[in-house]
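I opened the model and kept these notes as I went through it. They start with the fold and end with the interface.

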Amino acid sequence: MSKSDPNAPRRLALISSKGTLDWAYPPFILATAGAAMGWEVGIFFTFFGLTLLKPKLTAAVSPLGNPAMPMKMPFGPEGFQNINWAMPNMLMANVPGFESVATNLMKQTFKNKGVATVEEMRDMAVEMDVRLIGCQMTMDVFGFKKEDFIPEAEIGGAATFLEYASDADVQLFI
Amino acid sequence: MTDVIKEDQVLDCSGMLCPIPVVKTSKAMKLLETGQVLKMISTDPGAPPDMEAWSRQTGNELLRSMQEDGKFVFFFRKK
């Protein structure tokens, strides 16, 4: 209990509410950085964020609805890689497989730049004792069972998160 | 002429981006004894502010932060 005990470590309480690749990174990046600084960290996964607790992560990214997303090619000379390709919505919406292409391009670009995969980030978080809490209500709604998630996942509800967050120094909704 | 700091352990985080240098530094530090020195090398331009924050948060003293051959080099003393 961080605030009641002055010697307790700082605490970070995160809500992860989205399951696409672009939204999967921030909670795990902050969680591992916090844990590396000796903080106590808990992530509450709700709505589409719940999919980040599945053993095999299938997080994808769509340029649709992300109009500012840069489209970069992860190969070729540096000048070519830095070109931001204009992808009109009309084109993206009509080309089958465009999302998986965009997802693979983003994953490859991240890899080339030395960014860990979401799976690696989650493994690190688990290793550093970050608490991963799945939201019971959204599990019921989407038909997820505790067995569908990695064994380290706990289950809780709004009260569980609020109690944890009430004693946290930093709380973020992602 | 600055004094030479003698490290007990070297951690090379070249090519890695946030938050991996912080995570790896924290892990490497756990294996050291109080007073021992870790030298960490990074190519991440975000490392200097991040490693300073990490030092303040964990209490492991940042003895020196410098640039060498285009890389960032840090020396931390274990609390």
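**Fold of chain A.** I counted the secondary structure of chain A and got 7 helices and 5 strands. Helices (H or I, at least four residues) and strands (E, at least two) are DSSP runs, numbered from the N terminus. Along the sequence, I read the order as β-α-β-α-α-α-α-β-α-β-α-β. I put a box on the C-alpha atoms of chain A along the principal axes, and it comes to roughly 55 × 35 × 25 Å.

**Conventions.** This is a predicted model, in which local features need pLDDT of at least 70, side-chain atom pairs count only at pLDDT 80 or more, and totals for chains, interfaces and linings use all residues. Residues are numbered from 1 along each chain as its sequence is written, and chains are lettered from A and ligands numbered from 1 in the order in which they are written.

**Contacts and burial.** I took two residues as in contact if their C-beta atoms, placed from the backbone, lie within 7 Å. Among contacts in chain A between residues at least 6 apart in sequence, 76% link residues at least 24 apart. I then looked up burial: 30% of the 174 residues of chain A count as buried. The cut-offs are 20 or more other C-beta atoms within 10 Å of a residue's own for buried, 12 or fewer for exposed, and partly exposed in between.

**Core.** I looked for nonpolar cores, meaning sets of buried Ala, Val, Leu, Ile, Met, Phe, Trp, Tyr and Cys residues joined through C-beta atoms within 7 Å. The largest has 52 residues, and A:Leu14, A:Ala31, A:Ile43, A:Phe44 and A:Phe45 have the most contacts inside it. Helix 1 (residues 21-36) of chain A gives the largest share of this core, 9 residues. Leaving out residues up to four places away in sequence, I find A:Leu14 touching, among others, A:Pro27, A:Leu30, A:Ile43 and A:Ile174.

**A:Ala59.** I located A:Ala59 in the loop between strand 2 (40-45) and helix 2 (78-81) of chain A. Why does A:Ala59 count as buried? A:Ala59 does so because it has 21 C-beta neighbours inside 10 Å. Beyond four places in sequence, A:Ala59 touches A:Gly19, A:Thr20, A:Leu21, A:Ala24, A:Leu52 and A:Val118. I also checked A:Lys18: its C-alpha atom is separated from that of A:Ala59 by 9.7 Å, at 41 residues apart along the chain.

**Interface.** I find 12 residues of chain B in contact with 11 residues of chain A. On the chain B side, helix 1 (20-30) and helix 2 (47-58) each supply at least two residues. Helix 1 of chain B gives the largest share, 4 residues.
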